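Please look through the sequence and the model below before reading on.

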Amino acid sequence: MVLSCQNISKSYGDKKILENISFNIEDKEKVAITGINGAGKTTLLKIIAGECDADEGVAALSKGKRMGYLSQDSFINSDKTIYDELLSIKKEVIDLEHSLRKCEEEMKHADGVHLQRLMDKYTNLTHLFEKNDGYTYISEIKGTLYGLGFGDKDFNRSVSTLSGGQKTRAALARLLLVKPDLIILDEPTNHLDIKSMDYLINYLTGYNGAVLVVSHDRFFLDRIADKVIEVENGKASVFSGNYTEYSKKKKQMRQAQMNAYFNQQREIEHQRKVIDKLKQFNREKSIKRAESREKALEKTDMLEKPAELNADMRLSLTPRVISGNDVLTIKNLSKSYEDKVLFSNVNIEIKRGEHVAVIGENGSGKTTLMKIIRGLESYDSGEVRLGSKVETGYYDQEHQVLHSEKTLFDELSDEYPELTNTEIRNTLAAFLFTGEDVFKRIGDLSGGERGRVSLAKLMLSNANFLILDEPTNHLDINSKEILEDALEAYEGTVLYVSHDRYFINRTAGKILELSDKKFTEYLGNYDYYLQKKSEKNTNNRDISPSNNVSEDNKGKLDWQEMKKQAGNRKKRERELEKCEERIAELEEKIGELEIKMSEPSIASNVSELQKLFKEQSAYNDELSELYVKWEELGE
């Protein structure tokens, strides 16, 4: 075992953040912590890392074990070059290398006993050098930098000249090279593109130590985690398996808890009705029976209703004005910065109703394209044209469209003065801002909260063409799923940049990959894109770039089949919902009949009793059939 957490509790004022959190992490185990924003995940990591004190309990690292921690805002602050900064981590092995060279030099001029001693020393030094990966440390440093998105030109750049995201990636590189027994990472994928994320996934899955990570990236969690710790309402629950397995088990547990709660409520209601009836008889025996039932009811352990996660946060993104069929037309577009060409001779067409994802490495020019489309950035040559009746709405990953000095209420009321106070409050409530929360300053909000405010503004706009730059950054998983549901049902046009593969898979109908200064178009979601990339790599099959896009009939047929399957899935989900509603209705009716048949006036009336039994039997038969159907639809 590398880490033991026992009964950790933490409060801020009257608010209990963590309560009796206990779990262990074994050597080489890969563990994910999940939960909604504000659940206390980062607080828990800080307590484990020793950056924050727990009110109660202890987080103990096993004797002789080393820990490395990368917080969300970690970065390297240094005047050294990136390469020299990482090279300094290997001081021990570099010193060993110098000692070996010195020993070799001395052996040239030694003999006898002195030579033997030097040879023994050289053997020991060589063993230590090999043990500390002395022959591979330079390639290891370069490989880590390449993997996290740095190029040869970056190696000699001063750390002080890097952007915030680059400094965080450099800090991650340093932590990986230190190789502690336990790596702790808080949202490590925030500044990584897909290629860098794949490198980190491969590194962590093959890592010889333990890993503890907080992340909202479901693809990332699925690939690395073999255990999930869920933090909810201050408590921790441990699940074996990756995120998908946890999600499935959690859904089953929540459904079972909800069923148990409603079943108990029905039983309580049934018992109360029986008690009321018994009391109405006003006979000694019936009153005693009523009192006996009341005592049994008082001793019942009442189940709490399971929390419905963000059930009120439902986006309604419906265009008020329908645009023309041609939403965006780009012809022969080129853009360079000094001597760096981002892209050239790009041709893109986006039609009404299309949902298009732009993917590519960091710094390749994706955000620049979005700014050009919005008229915020100039371009060298070409044409960018919006179609008839197109009204754009923009979501910025840095939330620059928000005013930090304003309150949430003022942010919306100033932008949409025609709205009433009630309408503004209702909109904010849909994004989980209720009560006094609406008077918080934008500048005091977390990244995820600012993201929700930006989405609230977007919901109120008249836009029929949404342009989104990293819309899922800083959103927790539940909020991402709600946004996915909204965009999946959105009838307008969407163009967005994202590195979130789960999000792309659910919401994109077309992908534009920016690579080698060109955009390549794929007619499908992320799984379809991967399939086509695989075919291209194995069969060297050409896929038409958007610079000269041809109709890929097979691709369209494949995508139509995928859409058909998605439609069938939605149909089954609706049938499942109707099935569950009818089951609940029948169970209630059967319960009512049981109460009715227990009434003395009915129990003594054979004809009426047979009639009720027949009715109950019909309900039970239908219920049995519905249970079978429910299981089939659920599968």
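Predicted model: local features only at pLDDT ≥ 70, side-chain atom pairs only at ≥ 80, totals over all residues.

## The six-stranded sheet

Strands β14 and β15 belong to an open sheet of six strands with mixed pairing, whose order is β14-β15-β16-β12-β17-β18. The edge strands are β14 (392-395) and β18 (518-522), each of which pairs on one side only. On average, and with direction ignored, neighbouring strands of this sheet are turned by 15 degrees against each other.

Within the sheet, strand β12 (residues 355-360) pairs with strand β16 (residues 493-497) in the parallel sense over four bridges, and A357 has Y496 in β16 as its bridge partner.

Strands β1 (residues 3-12) and β2 (residues 15-25) run antiparallel and are joined by seven bridges, with L3 standing opposite I25 in β2. Two residues lie between the strands of this hairpin, where G13 takes a positive phi near 65 degrees.

## The protein as a whole

The protein contains 20 helices and 18 strands, and its C-alpha trace spans about 115 × 75 × 55 Å along the principal axes. Of its 635 residues, 46% are buried, while the accessible surface comes to about 33500 Å², with 46% of that surface belonging to carbon and sulfur atoms.

Definitions and conventions:
Residues numbered from 1 in each chain as written. Heavy atoms only, no water. Buried < 20%, exposed > 50% of the residue type's maximum accessible area, 1.4 Å probe, protein only. Areas by Shrake-Rupley, 256 points an atom, 1.4 Å probe, with all protein chains shown as cover. Pairing = 2+ DSSP bridges. Axes fitted to C-alpha atoms, helices over the stretch in contact; angles between N-to-C directions.
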